[in-house]
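These are my notebook entries on a structure that I have not examined before. I set down what I looked up, topic by topic.

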Amino acid sequence: MSGCDSYRPINSCWGYGQQMDNSHSTIQKLSTLYCDPEMSDLQLVVGDKVFHTHKLILSISSDVLKTMLTSPTWPESYKDQIVLQEDPECVEVFGDFLHYLYTGRIHMSHLTVLPILSLADKYNIGDLTSLCIDYMCSHCVATKHTSRVLSWYTYATMCGHKQLERVCEEYIVWNFQFVIQTDDFLSISAEILVHFFQSPDVVVKSELSLYQAIKKWVMKKLVIKDSSESAKSVSSAVQFVVRTIGKHTRFTLMTYSELQSLQDDGLVENFPHILASPIKAALQVHIAQRNLAHQNKTNINTNPTNSSTSSLSSSSSSSSYSNFLQCEGRSVGEISTESPLDGSKDRLTCSDHQLGSVHNHHSAKIPSTSRNVTGDFSSLPSNNQSAELLNISPSRTLSTQWSAAARYDLPRIYTCDSWCTEMVVPEVAKITPGDVLGAFFSTPVTGCEEDDSCYWDWHIDLYPKGVTFKKCMMIGMLENREIDEVLYKTVRLTVTSNTSETRKVKISVMVIGEEEGLEYVVRGLTKTCIFDDNHVLFNISDIIPYTSLHGDKPLYKIGDKRDTFKITVVIRPALMV
């Protein structure tokens, strides 16, 4: 038995004394060996740099290096100088990587952590791998020029780092509008790009902004193709992405003017055989929708007292859309209707006990059938002409075409003015428990901007500091019992439908955080719910943990004083199955 095997502290044998720890001093002494040529027994050549190292330090740090330096089957075990082939990014950080092996300390940034992780994985240094992953998971937020979250996600999927993959994907999906503007976006692979582009739940400002971002990626690849020897592989990736654009872009959810601008778009000119047809079809859908909206308004204006004509009122388009979401196509004459909104509700209002500012991004007015039609529709084709363009029966212009669109062109999570509203609670710590912030807003049903009747109206209430259940009396057969007032500690959002019409929707709530002056979605959730005669209200409790909002941690607060709570709410139609 060696002396090392039999070592036991002498004090532990005698049963008294104190264990002393001076390991820090030992680590300090070992760190002085880093790049010390006097005691070095191995040189590592990486790029144009030579590092003086020690086989002992390398072997106890890495199983891979130990095998390389001690196994007789490896020629490197007989050499005093080894040349390591590393990627250029890894060459730049190799000195930091070696320094960690000697000291246990390393400096990381958004730009250096990925090559450091690559080296840690290559040489199987598990503790360094864990450090890198922990850093990445807590530093997804960065500026447009320094963000590398897409590259991190790509690497995580390739190497099986599931935690990092999950954290990065969650950040990317909820902050996709920001991510597509980063420098990192233009360097991702076609497969990763398509993976997120096909998702129905990414958060973007509008469908057009997403299209333009993908177009920027494609146009850059086309430039690379013209100047690269690997033009064939680049061309294959571009074709793959463009076919995905033609298939998965929600063209009908763009506005008519946006679609017209795409007809002269550079990407369409390069790939007309893929993109021209879906854009033209979407334009024709808009023409049919605009014609119907114009006809409905004309009927109402010319026959204000005719109940059968006025049945095509403000709810006709939204009702028909609900019907096609249920895959129950009916002709225009079969559309059920409700009476138009009362004029007193024509303006956006907030409850008297609101806590802070409410920014409704859609409009200052809720659509009403009494409003004048904007724009000149005289040049538009008739319903019959629109039906011919769409190659469908005139009597089924709405139901058939919209049913086809509904199965595919369901909206993503759009944060443009039309689809969302913001609720802001300043100085949240001063809020009285149980107080509520309320707002009215409208969301579109289709992408037709001229059809003012195609909107769904909502009332939302935010309870940032719990829900109060008032004191009450419970009536019993033998005795009555008084129930004390109680506060249910939750951060709740309540959504109320302003009609009994059956609607299936997805409600997305995004909680805004702030880091280094950048606002981002720190937490997001989506709930699918159905509103009808018996269910006009839907509660979303615990949109964030109650203690997190009202504790000392500023994760869910923004502003200079980190005392403001802000959420964004998006409500969009869902397919009724």
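**Cysteines.** I began with Cys140 and asked how far its sulfur is from the closest cysteine sulfur. The partner in question is Cys168, and the separation of 4.5 Å is too far for a bond, since a disulfide requires the two sulfur atoms to be within 2.5 Å. I note here that the model is a predicted one. Cys140 is buried, at 8% relative accessible area. My search of the whole structure returned zero disulfides. Cys416 is likewise in no disulfide, its nearest cysteine sulfur being that of Cys420 at 7.0 Å. Cys416 is buried too, with a relative accessible area of 16%.

**Salt bridges.** I counted nine salt bridges in the structure. Side chains of opposite charge can pair when their charged atoms come close. I looked up several of these pairs.

The first entry concerns Glu165 and Lys162, whose side chains meet at 3.8 Å, N to O. Both residues belong to helix H9 (residues 162–174), and because they are three residues apart there, about one helical turn separates them. Are the two partners buried or exposed? Glu165 is buried, with a relative accessible area of 18%, whereas Lys162 is exposed at 59%.

The next entry concerns Lys566 and Glu422, with their closest N and O atoms 3.8 Å apart. I found both Lys566 and Glu422 to be buried.

I then looked up Lys471 and Glu482, which form a salt bridge at 3.4 Å, N to O. Lys471 sits in the loop between strand E10 (467–469) and strand E11 (472–474), while Glu482 is in strand E12 (residues 481–483), eleven residues away. Glu482 is partly exposed, at 45% relative accessible area. I also recorded one network, in which salt bridges with shared partners join Glu422, Glu519 and Lys566.

**Surface patches.** Which residues gather in a patch of negative charge on the surface? I listed Asp48, Asp87, Glu89 and Glu92. Asp48 belongs to the loop between strand E1 (42–46) and strand E2 (49–53), and its relative accessibility of 71% makes it exposed.

A nonpolar surface patch consists of Phe469, Val486 and Tyr488, which together have about 280 Å² of accessible area. Tyr488 lies in strand E13 (residues 486–488) and is partly exposed, at 37% relative accessibility.

**A covered helix.** In helix H11 (residues 190–197), I found six of the eight residues buried. These are Ala190, Ile192, Leu193, Val194, Phe196 and Phe197.

**Positive phi values.** I noted Glu516, whose phi is near 55°, a positive value in a residue other than glycine. Glu516 is in the loop between strand E15 (503–515) and strand E16 (518–531) and is exposed, at 66% relative accessibility. Asp542, also not a glycine, has a positive phi of about 55°. The loop that holds Asp542 runs between strand E17 (537–540) and helix H21 (546–549), and Asp542 is partly exposed at 37%.

**A pair apart in sequence.** My last entry is on Tyr463, in strand E9 (residues 455–463). Tyr463 is buried, with 17% relative accessibility. Between Tyr463 and Thr490 there are 27 residues of sequence separation and 7.8 Å in space, C-alpha to C-alpha.

How values were computed. Residues are numbered from 1 along each chain as its sequence is written. This is a predicted model: local features need pLDDT of at least 70, side-chain atom pairs count only at pLDDT 80 or more; totals for chains, interfaces and linings use all residues. Side-chain values use heavy atoms; hydrogens and water are left out. Patches are made of residues with over 30% relative accessible area and no salt bridge: like charges are joined within 9 Å, nonpolar side chains (Val, Leu, Ile, Met, Phe, Trp, Tyr) within 5 Å. Accessible areas come from the Shrake-Rupley method with a 1.4 Å probe; for residues, only the protein chains shown count as cover. A salt bridge is a side-chain nitrogen of Lys or Arg within 4 Å of a carboxyl oxygen of Asp or Glu. Lys and Arg count as positive and Asp and Glu as negative; His and the chain ends are not counted. The place of a charge is taken as NZ of Lys, CZ of Arg, CG of Asp or CD of Glu. Helices (H or I, at least four residues) and strands (E, at least two) are DSSP runs, numbered from the N terminus. Buried means under 20% relative accessible area, exposed over 50%, partly exposed in between (1.4 Å probe, protein chains only).
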